[in-house]
Amino acid sequence: MTGEKSVVDKPSTLVWAVRLLYLECAALAGLTIYLIVLDLTRPSVNVGMAVALTVFAALGVAAVFFVARALGRRQRGARGPAIVVQLFTIAAGGFLLQVGPSWLGLVLMALGVLVGLLIVLPPSTRALGID
């Protein structure tokens, strides 16, 4: 009975926000793998910069994963970091709008706005205990 109650208590806005955060995490993991492949196959590379960028992407994967997990567990303090992740997503989208590919920038910006909105909607706020 408790398992049913927890599913019922979780609003769809929060469930979808968590799902989309996990999607962002998977996309960042794909980017990290791509960067590792580039680091290993590119003949002329600034090793320090390449490793730093790859490590930064890997840290992003871990951070987004833990934020998504905390939000899924309805931890009150997870909302702020989740919003910060979305602000970074929107900023990355804005950068891609300027340098290309523009379609990916638009997708990232829309995703950041959508997830941020889902997190702050009243059903999600109530489920997190932030009234």
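Two residues are said to be in contact when heavy atoms of theirs lie within 4.5 Å.

## The chain as a whole

The model shown here is a predicted one. Its protein chain holds 6 helices and 0 strands, and the elements, read from the N terminus on, follow the order α-α-α-α-α-α.

Taken along the principal axes, the C-alpha atoms of the protein chain fill a box of roughly 60 × 30 × 20 Å. The protein chain has 131 residues, and 31% of them count as buried.

## Where H2 meets H5

Helix H2, which covers residues 12-41, and helix H5, which covers residues 102-120, have axes that come within 8 Å and cross at roughly 145°. The crossing in which H2 passes H5 is left-handed.

On the H2 side the residues that take part are Thr 13, Trp 16, Ala 17, Leu 20, Leu 21 and Glu 24, and they meet Leu 111, Leu 114, Val 115, Leu 118 and Ile 119 of H5. Sorted by kind, the residues of this contact comprise 9 nonpolar, 1 polar and 1 charged.

Thr 13 belongs to helix H2. Is Thr 13 buried or exposed? Its relative accessible area is 13%, and because buried means under 20%, Thr 13 counts as buried.

Leaving aside residues up to four places away in sequence, Thr 13 touches Leu 118, Leu 121, Pro 123 and Ser 124. Leu 121 stands 108 residues from Thr 13 along the chain, yet the C-alpha atoms of Thr 13 and Leu 121 are separated by 7.4 Å.

## The largest pocket

The largest pocket contains about 960 Å³ of space. Its lining is made up of 24 residues, and those that lie nearest its centre are Leu 28, Leu 31, Phe 88, Ala 92 and Leu 108.

Pro 43 is located in the loop between H2 and H3, where, with a relative accessible area of 82%, Pro 43 is exposed. The C-alpha atoms of Pro 43 and Ala 91 are separated by 31 Å, although the two residues are 48 residues apart along the chain.

Most residues other than glycine have a negative phi, and most peptide bonds are trans. Against that background, two further loop residues deserve a look. Arg 74, in the loop between helix H3 (47-72) and H4, has a phi near 60°, which is a positive value in a residue other than glycine. Arg 74 is also partly exposed, its relative accessible area being 28%. Pro 101 sits in the loop between helix H4 (79-99) and helix H5 (102-120), and the peptide bond that leads from Gly 100 to Pro 101 is cis, with omega near -5°.

Terms used:
Residues are numbered from 1 along each chain as its sequence is written. This is a predicted model: local features need pLDDT of at least 70, side-chain atom pairs count only at pLDDT 80 or more; totals for chains, interfaces and linings use all residues. Side-chain values use heavy atoms; hydrogens and water are left out. Helices (H or I, at least four residues) and strands (E, at least two) are DSSP runs, numbered from the N terminus. Buried means under 20% relative accessible area, exposed over 50%, partly exposed in between (1.4 Å probe, protein chains only). Axes are lines fitted to C-alpha atoms, for helices over the stretch in contact, and angles run from 0 to 180 degrees between N-to-C directions. A crossing is left-handed if the near helix is turned anticlockwise from the far one by less than a right angle, and right-handed if clockwise. Ala, Val, Leu, Ile, Met, Phe, Trp, Tyr, Cys and Pro count as nonpolar, Asp, Glu, Lys and Arg as charged, and the others, Gly among them, as polar. On a 1 Å grid over the protein atoms alone, a cavity is a set of points where a 1.4 Å probe fits but cannot get out, and a pocket is an open set with protein on both sides within 12 Å along at least five of seven lines; lining residues have an atom within 4 Å of a point. Grid points are joined across faces, edges and corners, and a volume is the space filled by probe spheres set on the points.
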